[in-house]
Amino acid sequence: MAKIKSKDTKPEIILRKALFRDGLRYRKHRKDLPGKPDISIEKYRVIIDVRGCFWHGHENCPDGHTPKSNSEFWINKLRNNKSRDKKNLEKLSNLGYKVFVIWECEIKRKGVLQEKLQVLYDYLNTHHNLGIEQKPN
Ligand SMILES: [Zn+2]
């Protein structure tokens, strides 16, 4: 099957830069984990799943709508993508990972990205006794 998303898409790079800036080190697209998650931080058993709004069917998002033409094909395809996402998430949870999902449209909006990062950092700070803060760009 054709790849459903290209690696190193721009929103993902924005996110990775922010994590790196704030002192987090991660691995990309680990092949030995279900769904080859975009970002994994093994030290804290954390996964960050960056989802493209179109391919992963982001609900209530302008980028997440199903194309009008050939709609049956798209409905099936996007439904399959979503169910695969769900299964991967379950598998990762069963392996003891905490999974954070971030949508591309959220990364593109600076304020929303900051909120999402804060949720992640609050989790890490609480569960791993860290003091991670968002640094200015
Ligand atoms: Zn979206």
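What follows is a short briefing, from the whole chain down to single residues.

This is a predicted model, where local features need pLDDT of at least 70, side-chain atom pairs count only at pLDDT 80 or more, and totals for chains, interfaces and linings use all residues. Residues are numbered from 1 along each chain as its sequence is written.

**The whole chain**
- The protein chain has four helices and four strands; these are DSSP runs numbered from the N terminus, with helices being H or I of at least four residues and strands being E of at least two.
- Starting at the N terminus, the order of elements is α-β-β-β-α-β-α-α.
- The protein chain is as compact as a globular protein of its length, because its radius of gyration is 16 Å, close to the 14 Å that the globule rule gives for 137 residues. That radius is taken over C-alpha atoms, and the rule is 2.2 Å times the number of residues to the power 0.38.

- Four strands make an open sheet with mixed pairing, in the order β1-β2-β3-β4. Two strands pair if DSSP finds at least two bridges between them.
- β1 (27-28) and β4 (98-103) are the edge strands, each with a single partner, so one side of each has no neighbour in the sheet.
- β2 (residues 39-41) and β3 (residues 46-51) run antiparallel and are joined by three bridges.
- I39 sits opposite I48 in β3.

**Two of the helices**
- Helix α1 (residues 10-21) has twelve residues and should span 16 Å at 1.5 Å a residue; its end C-alpha atoms are 17 Å apart, which agrees. The expected span is 1.5 Å times one less than the number of residues.
- After α1 comes G23, with a positive phi near 95°.
- α2 has 24 residues and reaches 34 Å from its first C-alpha to its last, close to the 34 Å expected.
- G96 follows α2, and its phi is positive, near 95°.

**A closer look at S83**
- S83 lies in helix α2 (residues 71-94).
- S83 counts as exposed because it has 10 C-beta neighbours inside 10 Å.
- D38 is 45 residues from S83 along the chain, and their C-alpha atoms are 18 Å apart.

Technical notes:
A residue is buried if 20 or more other C-beta atoms lie within 10 Å of its own, exposed if 12 or fewer, and partly exposed in between; C-beta atoms are placed from the backbone.
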